[in-house]
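Welcome! Please look over the sequence and the 3D view below, and keep both at hand while you read.

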Amino acid sequence: MSPAATLASAALAEAAGAIRRAQRVLVLTGAGVSAESGIPTFRGQGGLWEGFRAEDLATPEAFQRDPARVWRWYRWRRAIYGGCEPNPAHAVIARMEPRFPEFLLATQNVDGLHRRAGSRRLIEIHGTIDVMRCSVCSERAPWPDDAVPDADPVPRCNHCGGAMRPHILWFGETYWPGVLEHCQRFAGEADVVLVAGTSATVWPPAALALHGKRSGAFLIDINPEPTPISEVADVHLRGSAGALLPALWDRCSRP
Ligand code: OAD
């Protein structure tokens with residue numbers, strides 16, 4: 001075995017040992033976990049739409065200026081998600097869940113793939129593409145496939161007639177009450193925080209991992225690239241979530 005392979009295998013064994021001993025596990029995921037399902041990561045080139053960056057469209061101001069354009073962008077994203085399936089990373093995280101007395105999956109992804117893979121103890125901290133919400137009275141409704149016909153791209157609220165918007169946290173908005181607090185409490189008492197596929201550039205979610213580590217959790221990061229989390233992690237497993245999560249879980253089940 002090459003020195004690099006020996007190191008990687010030792011890191012995998014160390015991470016697996018921590019997971020085997022854990023009673024309380026927090027998993028934090030980002031766009032990289034869905035990359036192998038065919039969904040472009042958030043900041044990648046594929047995330048561009050008609051020359052606009054997500055940061056120009058996912059804002060309350062953009063919606064106020066041109067709600068139809070924002071809806072077209074989300075319809076485009078939703079069409080991509082609809083054509084994708086959960087990958088082995090989603091599947092392993094769903095399989096991990098019932099094996100721990102306390103388990104929480106906090107995902108930044110809005111694509112619904114964790115739910116489709118079977119995860120239930122799940123918080124979609126940035127919302128979900130499957131729900132829309134009234135921009136006036138906050139009434140929520142499922143987003144059925146035919147809810148946004150081409151002729152009228154801005155659906156209306158059944159209660160107050162206000163413009164519906166996707167139930168997704170936009171740039172410049174604050175997190176929904178209680179969501180971060182719940183995750184933070186969980187992180188503060190976690191034995192293991194397992195992070196996968198996030199660049200850790202959005203601070204509140206990244207801070208959850210660091211809070212867990214400061215409070216005594218064993219911190220594992222899975223990412224092909226270094227990130228602010230991998231720099232302080234106990235173990236950085238460098239590579240793709242679709243390959244490394246199954247390898248890690250397999251290692252956990254071996255003595
Ligand atoms: P990013 O697009 O910022 O980062 C994706 C990360 O996934 C990068 O660090 C990649 O190196 C890594 N990656 C790519 N392929 C991978 C693979 N196969 N396996 C594992 N990792 C892989 O996405 P996020 O960190 O999720 O927020 O972005 C966080 C938030 O920024 C998003 O939820 C969104 C955006 O602002 C809101 O919309 C509120």
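Which residues does T59 touch, not counting residues up to four places away in sequence? T59 touches W170 and F171, where contact means heavy atoms within 4.5 Å. You will find T59 in the loop between α3 (54–57) and α4 (60–65). Helices (H or I, at least four residues) and strands (E, at least two) are DSSP runs, numbered from the N terminus. T59 counts as buried because its relative accessibility is 10%; buried means under 20% relative accessible area, exposed over 50%, and partly exposed in between (1.4 Å probe, protein chains only).

Before going on, note that this is a predicted model, in which local features need pLDDT of at least 70, side-chain atom pairs count only at pLDDT 80 or more, and totals for chains, interfaces and linings use all residues. Residues are numbered from 1 along each chain as its sequence is written, and side-chain values use heavy atoms, with hydrogens and water left out.

## Helix α9

Now turn to helix α9, which covers residues 203–214. The expected span of a helix is 1.5 Å times one less than its number of residues. For the twelve residues of α9 that gives 16 Å, and the end C-alpha atoms are 16 Å apart, so the two values agree.

Which residues of α9 are buried? They are P205, A206, L208, A209, L210 and G212. These buried residues pack against β1 (24–29), α8 (179–188), β7 (192–196), β8 (218–222) and α10 (228–232). Just after the helix, G216 takes a positive phi of about 115 degrees.

## The nonpolar core

A nonpolar core is a set of buried Ala, Val, Leu, Ile, Met, Phe, Trp, Tyr and Cys residues joined through side-chain atoms within 4.5 Å. The largest one here has 32 residues, and those with the most contacts inside it are V192, L194, I222, L237, L245 and L248. At least two residues of this core come from each of α1 (3–21), β1, α6, β2, β7, β8, β9 (235–237) and α11.

Leaving aside neighbours within four places in sequence, V192 is in contact with A18, I19, A22, R24, V25, L26, A217, F218 and I220.

## Aromatic rings

A pair of aromatic rings is described by the distance of the centres and the angle of the planes. Rings of Phe, Tyr and Trp (its six-membered ring) pair if their centres lie within 6.5 Å; planes under 30 degrees apart count as stacked, over 60 as edge-to-face and the rest as tilted. By this rule there are six aromatic pairs. One of them joins F100 and F103, and this pair is stacked, at 6.3 Å centre to centre with 20 degrees between the planes. F103 counts as buried because its relative accessibility is 3%. F100 also pairs with W249: the centres are 6.1 Å apart and the planes lie at 45 degrees, so this pair is tilted. The F100–W249 pair links distant parts of the chain, 149 residues apart, with F100 in the loop between α6 (88–96) and β2 (102–107) and W249 in helix α11 (residues 241–252). Both F100 and W249 are buried.

Elsewhere, F63, W73, Y74 and W170 form one aromatic cluster. R77 lies over the face of W73, at 4.7 Å from the ring centre. Likewise, the charged end of R24 sits over the ring of F186, 4.1 Å from its centre. A charge sits over a ring if NZ of Lys or CZ of Arg is within 6 Å of the ring centre and within 35 degrees of the ring normal.

## Salt bridges

Side chains of opposite charge can pair when their charged atoms come close. A salt bridge is a side-chain nitrogen of Lys or Arg within 4 Å of a carboxyl oxygen of Asp or Glu, and by this rule the count comes to nine.

Which residue does D130 bridge to? D130 forms a salt bridge with R78, and their closest N and O atoms are 3.5 Å apart. D130 is partly exposed, at 29% relative accessible area, whereas R78 is buried, at 15%. R78, R115, E124 and D130 are linked in a network of salt bridges.
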